[in-house]
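Here is a short briefing to read alongside the model. Please keep the structure open as you go through the points.

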Amino acid sequence: MGGMFDTLRNAWKIPDLRKKILFTVLMLLVFRIGTHIPVPGLNPEKFKEVIGGGASLFGFLDIISGGALQQLTIFAMSITPYVNASIIMTLLQVAIPRLERLAKEGEEGKKIIGQYTRYGAVILGFIQATAIYFGMGGVIMDRGILSFVTITLTFTAGTAFLMWLGEKITEHGIGNGISLIIFGGIVSRGPQGAMALYAIFLDKVEGVSIMDIVSLVAVLAAFVVVIAAVVFVNQAERRIPIQYAKKVVGRKMVGGQSSHIPMKVNSAGVIPIIFAMSILSLPSTIIGFFFSQSTGPVVSFFKNMQESFWYAIVYGLLILFFTFFYTMIQFNPVEIANNLKKNAGFIPGIRPGKPTSDYISKVLNRITWFGGFFLAMVTIFPSIIGLFASIPNIWFSGTAVLILVGVALDTVKQLESQMLMRHYKGFLE
């Protein structure tokens with residue numbers, strides 16, 4: 001923690017970085033202002049009744065939006081349509097050869113894919129806004145063509161603006177803009193989550209028992225342990241040693257250096273959790289909007305799905321699946337083995353070619369299993385603690401903690417790399 005503050009303090013002393021930090025903070029401030037601008041023609045209080053409080057169903061979506069969803073403001077849909085569009089594009093890169101070729105063409109290919117993602121985000125945003133419009137029941141004060149156009153386009157424009165805001169932060173600020181917007185939404189709801197936890201304990205002060213104190217301490221301890229574990233695993237990596245063969249170039253002997261292939265234990269980050277959450281939240285969201293007043297067994301199952309044991313099992317399995325899926329997309333053992341062979345590099349004790357790729361795949365599978373299980377346990381464990389302690393700890397969920405810690409570490413690393421680059425530039429000058 002001290003190192004993080006030292007990095008921020010040192011970065012503030014560099015004029016160029018200070019401008020980037022101020023720009024990032026200013027853009028996040030614009031995001032926070034937008035979460036308090038209401039959409040005309042809607043009744044937020046009635047919406048709260050429609051979703052029934054929605055702690056389990058809409059709670060996390062409301063946290064990501066910084067409270068904008070519950071208040072039905074212009075940023076109510078937050079950046080989730082863009083995230084969903086990114087998920088779809090990632091999946092399509094495996095299924096469609098042309099997209100796969102674009103992904104391998106460097107910056108130009110990534111720009112084209114980014115353009116497709118933005119178009120997809122706007123389309124998904126409009127579809128989601130339309131679903132919200134028709135699923136809100138009596139929340140809309142005056143239904144009609146004009147109200148439909150106004151409300152759906154306002155929600156869609158809010159998402160498009162946030163997408164633009166995130167890209168500007170990435171381009172002119174510090175860190176990944178989309179991640180920082182999600183980070184800002186979660187952080188803004190932190191004080192409310194802490195106050196809710198305190199209020200639950202305060203209500204029991206007259207008849208407080210040892211178990212109540214133990215429950216509160218257990219939730220707080222789990223929160224601290226999860227943060228420490230996430231930091232440790234996010235920084236952990238498996239290094240495969242590489243040796244380069246010596247060869248004669250002209251009259252000189254070159255090569256013979258030692259290096260390594262760094263393989264992060266959690267190379268997928270929070271992407272598998274976001275993928276799994278998006279898939280599992282879809283049926284619950286549809287049920288919540290369109291069948292909120294129904295009491296049938298199927299509707300009741302989906303309404304209470306997030307509180308069941310099987311939900312945790314399915315959630316964990318989906319996280320494992322997407323951890324492997326995303327890691328395999330980002331890391332190609334055959335390509336790495338071929339590059340090593342071309343550059344006269346080899347892993348000590350392993351023959352070049354297929355044995356090298358098999359060895360890298362074996363190591364990758366081992367650490368991916370660990371990373372996947374870790375993500376699943378971190379996501380589910382705090383919820384289990386809260387369930388036994390009878391404390392609704394949606395803000396203290398492992399998903400929120402993973403996003404917070406992951407984004408914070410990534411931003412600090414970018415600051416450090418920017419400082420290092422400027423240090424060398426100054427040295428060369």
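A surface patch is built from residues with over 30% relative accessible area and no salt bridge, joining like charges within 9 Å and nonpolar side chains (Val, Leu, Ile, Met, Phe, Trp, Tyr) within 5 Å. The model is predicted, so local features need pLDDT of at least 70 and side-chain atom pairs count only at pLDDT 80 or more, while totals for chains, interfaces and linings use all residues. Residues are numbered from 1 along each chain as its sequence is written, and side-chain values use heavy atoms, with hydrogens and water left out.

**Nonpolar surface patch**

- L26, L29, I33 and I37 make up a nonpolar patch on the surface, and together they have about 360 Å² of accessible area (Shrake-Rupley method, 1.4 Å probe, with only the protein chains shown counting as cover for residues).
- I37 sits in the loop between α2 (15-34) and α3 (44-50); helices here are DSSP runs of H or I with at least four residues, numbered from the N terminus.
- I37 counts as partly exposed because its relative accessibility is 38%, where buried means under 20%, exposed over 50% and partly exposed in between (1.4 Å probe, protein chains only).

**Salt bridges**

- Side chains of opposite charge can pair when their charged atoms come close.
- A salt bridge is called when a side-chain nitrogen of Lys or Arg is within 4 Å of a carboxyl oxygen of Asp or Glu, and the count by this rule is 4 salt bridges.
- E171 pairs with K168, with 3.9 Å between the closest N and O atoms. These two are 3 residues apart in helix α9 (residues 145-172), so about one helical turn separates E171 and K168. K168 is partly exposed, at a relative accessible area of 25%.
- R239 and E237 join through their side chains at 2.7 Å, N to O. E237 is partly exposed, at 32% relative accessibility.
- D358 and K354 form another salt bridge, at 2.9 Å from N to O. Both belong to helix α17 (residues 354-389) and are 4 residues apart, about one turn of the helix. D358 is partly exposed at 39%, whereas K354 is exposed at 58%.

**Helix packing**

- Two packed helices are described by the angle between their axes and the distance between the axes.
- Axes are lines fitted to C-alpha atoms, for helices over the stretch in contact, with angles from 0 to 180 degrees between N-to-C directions.
- Helix α6 (residues 80-95) and helix α8 (residues 107-135) have axes that come within 8 Å and cross at roughly 130 degrees. That makes α6 and α8 oblique to each other; angles under 35 degrees count as roughly parallel, over 145 as roughly antiparallel, 65 to 115 as roughly perpendicular and the rest as oblique.
- The crossing of α6 past α8 is right-handed, meaning that the near helix is turned clockwise from the far one by less than a right angle.
- The axes of α2 and helix α10 (residues 177-188) come within 10 Å and cross at roughly 60 degrees. α2 and α10 are therefore oblique too, and α2 passes α10 in a right-handed crossing.

**Loop residues and a contact in space**

- L72 has a positive phi, near 55 degrees, in a residue other than glycine. L72 lies in the loop between α5 (68-71) and α6, and is buried at 2% relative accessible area.
- S78 also has a phi near 55 degrees. S78 is in the loop between α5 and α6 and is buried at 1%.
- N365, in helix α17, is partly exposed at 29%. N365 and T327 are 38 residues apart in sequence and 9.4 Å apart in space, C-alpha to C-alpha.
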